[in-house]
Amino acid sequence: MNIILLGPPGAGKGTQANLLVEHRGMRQLSTGDMLRAAVKAETPVGLQAKAVMERGELVSDEIVSALIDAELSAMGKGTGAIFDGYPRTEAQAVSLDELLAKHGRSLKHVVELGVDEDALVERIVGRFTCANCGEGYHDSFKQTKVAGTCDKCGSSEFKRRPDDNEETVRTRMAEYRAKTAPILPYYEARGIVSRVDGMAAIDDVTAAIENILRG
Ligand code: AP5
Ligand code: MG
């Protein structure tokens with residue numbers, strides 16, 4: 001099964017994708033994570049993307065679609081893909097259809113996480129992740145069980161994203177409204193969009209998504 005998690009910055013796409021990976025053995029394909037890895041490794045793509053991401057703008061469609069193509073090529077055919085943060089423009093939605101056809105896959109669901117924009121800033125500025133294993137946390141909503149220690153791997157090193165400040169978040173939201181939200185009708189026309197209340201507690205959001213995937 002291949003699905004898209006769609007929603008503005010901080011909607012919970014990454015949080016829910018991680019849980020689906022754990023529960024269902026699917027694979028998370030996050031273009032944001034891929035780009036951050038490229039920036040860290042200082043690859044040509046990373047060097048091009050770094051400043052764009054720091055401004056909260058979108059990286060070019062060609063770059064991100066090439067990243068997705070490479071991941072799909074490397075994946076086993078039987079493993080379902082969770083597209084997290086991709087597609088983000090109409091051109092990317094068209095590319096994804098081409099890539100799915102090329103790799104013998106089809107799209108089952110587009111799950112839209114509906115959220116209140118004001119709450120998103122708080123979610124994003126409070127977010128941090130384990131520097132070792134990447135597990136995600138939040139200053140108020142998802143703290144580590146033991147202060148300063150990752151629940152998953154025990155590391156005491158954590159990091160915050162350079163684009164997780166209020167000013168950049170506002171730009172990221174404007175980009176979402178202008179370029180990403182308008183792709184919903186593309187999928188609505190196929191009857192595969194379901195909406196979930198992304199303001200609910202993390203576990204309740206997961207349960208709602210599971211319901212859709214089972215249906
Ligand atoms: P990307 O990494 O995709 O960032 P984003 O879309 O802005 O989304 P986030 O990762 O910030 O939010 P999320 O929805 O994953 O929320 P999370 O689960 O972490 O993209 C970054 C940049 O890369 C872009 O700005 C762009 O420059 C570039 N880029 C990436 N893909 C691209 C593409 N396809 N095309 C062009 N450019 C691209 O949750 C947030 C916090 O809230 C966490 O701390 C979490 O614990 C907490 N939380 C989650 N759910 C809940 C809940 N239900 N209740 C309370 N707290 C919650
Ligand atoms: Mg994310």
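1. In this predicted model, the shell of residues around ligand 1 is made up of 15 nonpolar, 10 polar and 9 charged residues.

2. Which residues come nearest to ligand 1? Out of the 34 residues around the ligand, they are Thr-15, Glu-57, Arg-88, Arg-127 and Arg-172.

3. Several elements of secondary structure contribute to this shell. Helices α1 (13-24), α2 (31-41) and α9 (202-214), together with strand β6 (136-138), each provide at least two of its residues. The greatest contribution comes from α2, which gives 4 residues.

4. Individual polar atoms may then be examined. A polar backbone atom of Glu-57 is 2.5 Å from an oxygen atom of ligand 1. In the case of Arg-88, a polar side-chain atom lies 2.5 Å from an oxygen atom of the ligand. Val-59 takes part through its backbone: one of its N or O atoms lies 3.1 Å from a nitrogen atom of ligand 1. How much of the ligand does the protein bury? Ligand 1 taken alone exposes 1000 Å², and 95% of that area is buried by the protein.

5. Attention may now pass to the interior. In soluble globular proteins, nonpolar side chains tend to be buried together. The largest nonpolar core here has 30 residues, of which Phe-83 and Tyr-187 touch the most other members. At least two residues of this core come from each of β1 (2-6), α2, α3 (44-55), α4 (61-74), β3 (81-84), α5 (90-102), β4 (107-114) and α8 (184-188). Helix α4 supplies the most, with 5 residues.

6. Is Ser-194 buried or exposed? This residue belongs to strand β8, which spans residues 193-197. Ser-194 has a relative accessible area of 19%, and because buried means under 20%, it is classed as buried. When neighbours within four places in sequence are set aside, the residues in contact with Ser-194 are Val-110, Val-111, Glu-112 and Ile-212.

Conventions:
Residues are numbered from 1 along each chain as its sequence is written. Chains are lettered from A and ligands numbered from 1 in the order in which they are written. This is a predicted model: local features need pLDDT of at least 70, side-chain atom pairs count only at pLDDT 80 or more; totals for chains, interfaces and linings use all residues. Side-chain values use heavy atoms; hydrogens and water are left out. A residue is near a molecule or strand if one of its heavy atoms lies within 4 Å of it. A polar contact is a pair of N or O atoms within 3.5 Å; within protein, one must be able to donate a hydrogen and the other to accept it, and residues adjacent in sequence count only if both atoms are side-chain atoms. Accessible areas come from the Shrake-Rupley method with a 1.4 Å probe; for residues, only the protein chains shown count as cover. Ala, Val, Leu, Ile, Met, Phe, Trp, Tyr, Cys and Pro count as nonpolar, Asp, Glu, Lys and Arg as charged, and the others, Gly among them, as polar. A nonpolar core is a set of buried Ala, Val, Leu, Ile, Met, Phe, Trp, Tyr and Cys residues joined through side-chain atoms within 4.5 Å. Buried means under 20% relative accessible area, exposed over 50%, partly exposed in between (1.4 Å probe, protein chains only). Contact means heavy atoms within 4.5 Å.
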